[in-house]
Amino acid sequence: MTDDLGPDPLAPWLREIADAHEKERHVEGEQCRGSVALIDEAARLRGVAQVKLGRAASLEREVETRPGRLADGRAVAEAEKRDWQKLGVSELRDGHGSVELEVQIGIYGRHAHGGDVIKYDAHGVHNTHLDGLAHIGADNGWHGPIPASASQTDEDTMVNWAQHGIATRGVLLDVAAVRGVDWITAEEPVTAAELDAALAATGVTLESGDALIIYQGRDRYEAAGNVYPSGAAAVRRPGIGEDGAKWIAAKNPGLVLWDFHDARDNPGGSLEVHNLIYAIGLCLVDNCLLGPAVAELKAAGTSTGLLVAAPTAIHRSTGVLINPLLLY
């Protein structure tokens with residue numbers, strides 16, 4: 001497909017998935033709300049039924065704002081900033097994922113009062129965040145369809161998703177265990193066969209609207225001193241490639257939570273899974289801390305729980321920092 005603006009921004013296989021989704025799920029005159037709309041009462045009840053022990057595992061990486069700790073990671077932040085500047089994005093002072101926190105403390109006699117103002121870039125490869133429909137687009141718009149210009153006026157995906165309620169059964173797939181490695185490598189993207197094997201290991205039949213929680217060993221990778229490449233650098237990296245992306249789309253999840261991102265194992269370095277945000281309205285939660293949850297659920301003899309991912313209802317937001325909880 002070509003037009004006056006150039007070639008189709010989607011790979012042929014992604015365009016095929018997008019066209020099939022539009023034919024099956026889009027209703028004329030109504031805005032498609034993407035994968036979150038698949039989370040219904042039955043999906044929530046499936047999730048509630050998995051809570052046996054009353055325990056909760058947070059899947060969030062800590063948002064670092066301590067000056068000393070920020071200094072430790074400054075070299076990584078500066079490298080990422082340079083990557084984005086090469087793409088012409090100069091306004092991100094500390095790269096994607098930057099957080100600025102101004103804490104204000106008042107002492108009034110024996111009383112104290114604290115307040116703060118926070119400014120953050122929700123996206124990138126550092127902080128745990130939920131991507132909205134207005135994060136990845138094509139053809140001058142977002143999934144829905146939503147004109148890209150609506151992000152300057154009244155785009156309301158995050159409000160709709162917050163009010164809909166993102167709570168469903170979560171199914172944790174340990175792909176690293178299936179492969180028998182500590183972490184996935186850039187040379188071998190996660191395949192559909194491995195995702196099938198990881199699902200089979202849970203003994204669970206996946207249903208439409210479930211949350212896919214995909215562990216690839218990122219915590220071990222980084223603990224060993226490795227640095228995960230930024231989204232600005234179109235280089236191969238550990239993650240899920242085209243084959244795995246097709247598998248995800250075919251399963252109709254309500255959302256996907258993962259630690260590593262797209263493998264970018266293609267000539268153009270495109271985002272295989274993130275492009276599903278546009279193709280099928282996929283709700284993605286990036287940069288989850290999954291290692292501890294994997295260990296906890298394994299000790300409890302389960303791979304499922306009630307996954308709650310409650311975004312802040314912010315009009316025009318392209319993504320929000322989030323603390324997903326898995327209750328089991």
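Colleague: How many salt bridges does a search of the whole structure find?

Modeller: The search gives 14 salt bridges, a salt bridge being a side-chain nitrogen of Lys or Arg within 4 Å of a carboxyl oxygen of Asp or Glu. This is a predicted model, where local features need pLDDT of at least 70 and side-chain atom pairs count only at pLDDT 80 or more, while totals for chains, interfaces and linings use all residues. Residues are numbered from 1 along each chain as its sequence is written, and side-chain values use heavy atoms, with hydrogens and water left out.

Colleague: Which residue forms a salt bridge with Arg46?

Modeller: Glu207 does, with the closest N and O atoms 3.5 Å apart. The pair links distant parts of the chain, 161 residues apart: Glu207 is in the loop between helix H7 (192–202) and S10, and Arg46 is in helix H2 (residues 41–48). Helices (H or I, at least four residues) and strands (E, at least two) are DSSP runs, numbered from the N terminus.

Colleague: Is Arg46 buried or exposed?

Modeller: Arg46 counts as buried because its relative accessibility is 15%. The cut-offs are under 20% relative accessible area for buried, over 50% for exposed and partly exposed in between (1.4 Å probe, protein chains only). Glu207, at 37%, is partly exposed.

Colleague: And what does Glu222 pair with?

Modeller: Its side chain meets that of Arg61 in a salt bridge (2.9 Å, N to O). Salt bridges that share partners also join Arg46, Arg169, Glu207 and Asp210 into one network.

Colleague: Changing topic, what is the strand order in the open sheet of nine strands?

Modeller: The order is S3-S15-S13-S9-S10-S11-S12-S6-S14, with mixed pairing; two strands pair if DSSP finds at least two bridges between them. Strand S3 (56–58) and strand S14 (319–321) are at the edges with a single partner strand each, so one side of each has no neighbour in the sheet.

Colleague: How many bridges join S9 to S13?

Modeller: Five, between residues 167–174 of S9 and residues 304–308 of S13, and the two strands run antiparallel. Arg169 has Leu306 in S13 as its bridge partner.

Colleague: Last one: where is Ser230, and what is it in contact with?

Modeller: Ser230 sits in the loop between helix H8 (218–223) and helix H9 (242–251). Ser230 is buried, at 6% relative accessible area. Leaving aside neighbours within four places in sequence, Ser230 contacts Glu80, Asp83, Val125, Arg237 and Arg264, where contact means heavy atoms within 4.5 Å.
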